[in-house]
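Welcome! Take a moment to turn the model around before reading on.

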Amino acid sequence: MNKKFKTNTINGTGLIVLCMMCFALTPAFAGDTLNYRLKWLFNTSVAGDIIADTGGFFEKAGLDVSVNEGGTGKNAIKELELGYANFGVASADQVIRALEKGADVVVLAQLFQVNPMQWIYRSDLLEIKGLSDLRGRHIGVTFGGNDETIMTTLLAKAGLTLKDIRISSVRFDFTPFLKKEVEVWPVYRNSQGVILKERLAAEGEQVKFLNPADYGVSFVANSVVTSGTMMEKHPDTVNAFMAALLSAWEFAVDPANEAQVLAQIKKKDKGTRDDIRQKQLEATRPLIKPDKGIKIGIIDTGAWQQTESIMVKEKQIVAPVDVTSRLVGPKK
Amino acid sequence: MLFRRIYQFLIVYCIGVVGLLTVKYAAGLSNYVIPGLAVIFDTAHRMLGSYFFDVLNTLSVTVLGQMISIFMAFFVGIIGRKSSWAGSFIKVMAYNIQAYPIVALAPIIFILLGDGFLSRLLIASMICYFPLLLSVLGIMASPIKDIEHFYIATGRMRWQLEVKIRAFENLNKLTTVISGSATLAMAGTIVAEFIAADQGIGYSIRIALYQSDLACILVALFSIGIIISVYQGILETVGEQMKTKWFAPKGEYLL
């Protein structure tokens, strides 16, 4: 009986391990299809990615690309390593954390020149002219999220600490901000920010945004990444992919193509109202291309260095990872 | 019972970690995807203490939520045991409501009650309550004909006696269901914390997920597993002691 139990246990364990190995080692793509994992759901924030797919930019480049939505729990860098994705979108902190733990990831382009993570506040109730105006305010942060790191850096710049403000943990809905329990609330400027601004305007309330970049804090947001192996073994595919993707982004942020772009986004993002989608696209343009002279996707090396040093200072990583050595796309 | 629970958990946990490490080294994955043993130990050294208190915080809500669920399940189960119109109505309603995913209702609860203690308690109770109710209803609605016939025939049957007979005859089942529901209550509390609370182990797991830190999640799972094993072991031990006490002949009758 005991012997049988032992044999069964060993067999069962072996079977579980074998299944896990098969699951982990089977790549999710077949043939020549390239998988591109976004960071978040399909919405106006990923206009260029949608256009690259539905507007035929990838097809014209001779590429068969499957553009996949991101979301909570989806991590492009992990998927690159596991072979489920060939390209992906990741934020700078994800890239830096991954490098710290030995991941083989390189940055091909920096999509957002300005981080869309900003803080919304009612301009008729409070005025933020400088960072010292944050003293005593009730501010929302997502503990463990980017915004916590950014806010701590902003406070440090103003010579404040977390004790000088009131902090509330941010959750999925805006209720604490709408109920005026929290005065300053983190939002993605070009998506949630637009929705909240509209909603409050309907109630006769005016809002403004606190943009960390205005105070010298440039924490890099979404960037296009791939694995070092992919870059080394298939440089032509990588170049073709990037050329198609960046052309699509140029097309997407050009106001002349607005109607076409909005129509393509609508096919993927059916839950958003047309007027909101249009305003979201308007808000996205200056984040992607703040200036006519700026080439889309250009990597701001200084901002990456700043992001890394903020993360070291905030003990998000133990030691520097020399992130600039992994920035392989065109730089500022 | 208590130690058996703990070592059973340790075996399962170790098998899981060994499986992950096998995948890691077989596929040559970095510590970012699957952390190595050194990273796991280092994380445990840093985080185990705070996670332990987080799990205790979660457990306090779990225990309270489970007690409320048990009370509610017995209350409704006893009322719904009859084959009357009201009894059938309660049974049908319980079966229908338990089909709704409680997690989908969680955001509404958080909007209405905020992200404090009450929301966590309510979600934990709801997730634990319905499976408990169905089991209690099933037990309470099944007559123990051999025994009940005697009391009915002699006209001594009362509802309290009926409930006692059915509970006594199904004590094993009830103990198992109550002990099992601890896991559900714990899962419910963790889900609630994961969605929107600002305390507890679910909240800590959410933070670890934001930072894609699997080592932190493994350490958190270890803390949860150990503490829930102890809690379940205690419940089972109490159940065993109750059974022994109920089944054992009274000393004075033996003399």
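Which residue just after α6(B) takes a positive phi? That residue is B:Gly155, with a phi of about 70°. This is a predicted model, in which local features need pLDDT of at least 70 and side-chain atom pairs count only at pLDDT 80 or more, while totals for chains, interfaces and linings use all residues. Residues are numbered from 1 along each chain as its sequence is written, and chains are lettered from A and ligands numbered from 1 in the order in which they are written.

**Chain B as a whole**

Chain B has 11 helices and 0 strands; helices (H or I, at least four residues) and strands (E, at least two) are DSSP runs, numbered from the N terminus. The C-alpha trace of chain B spans about 75 × 50 × 30 Å along its principal axes. Of the 255 residues in chain B, 38% are buried. A residue is buried if 20 or more other C-beta atoms lie within 10 Å of its own, exposed if 12 or fewer, and partly exposed in between, with C-beta atoms placed from the backbone. Among contacts in chain B between residues at least 6 apart in sequence, 76% join residues at least 24 apart; two residues are in contact if their C-beta atoms, placed from the backbone, lie within 7 Å.

Helix α6 (residues 145-153) of chain B is hardly covered, with 0 buried residues among its 9. B:Val12 sits in helix α1 (residues 2-27) of chain B. B:Val12 counts as exposed because it has 12 C-beta neighbours inside 10 Å. The C-alpha atoms of B:Val12 and B:Gly225 are 9.8 Å apart, although 213 residues separate them along the chain.

**Two helix pairs**

Axes are lines fitted to C-alpha atoms, for helices over the stretch in contact, and angles run from 0 to 180 degrees between N-to-C directions.

| Helix pair | Angle | Axis separation |
|---|---|---|
| α5(B) and α8(B) | about 155° | 7 Å |
| α4(B) and α5(B) | about 155° | 10 Å |

Angles under 35 degrees count as roughly parallel, over 145 as roughly antiparallel, 65 to 115 as roughly perpendicular and the rest as oblique. α5(B) and α8(B) are therefore roughly antiparallel, and so are α4(B) and α5(B). The contact of α4(B) with α5(B) includes B:Phe110 of α4(B) and B:Met126 of α5(B). Its residues divide into 10 nonpolar, 1 polar and no charged. Here Ala, Val, Leu, Ile, Met, Phe, Trp, Tyr, Cys and Pro count as nonpolar, Asp, Glu, Lys and Arg as charged, and the others, Gly among them, as polar. In the other pair, the residues of the contact of α5(B) with α8(B) include B:Pro131 in α5(B) and B:Gly188 in α8(B). They divide into 15 nonpolar, 5 polar and 3 charged.

**Where the chains meet**

The contact takes 22 residues from chain B and 27 residues from chain A. On the side of chain B that touches chain A, α1(B) gives the most, with 6 residues. That side divides into 14 nonpolar, 6 polar and 2 charged residues.

**A helix in chain A**

Helix α6 (residues 146-157) of chain A has 12 residues. Its buried residues include A:Ile150 and A:Leu154. α6(A) is followed by A:Gly159, whose phi is positive, near 75°.

Notes: Expected span 1.5 Å × (residues − 1).
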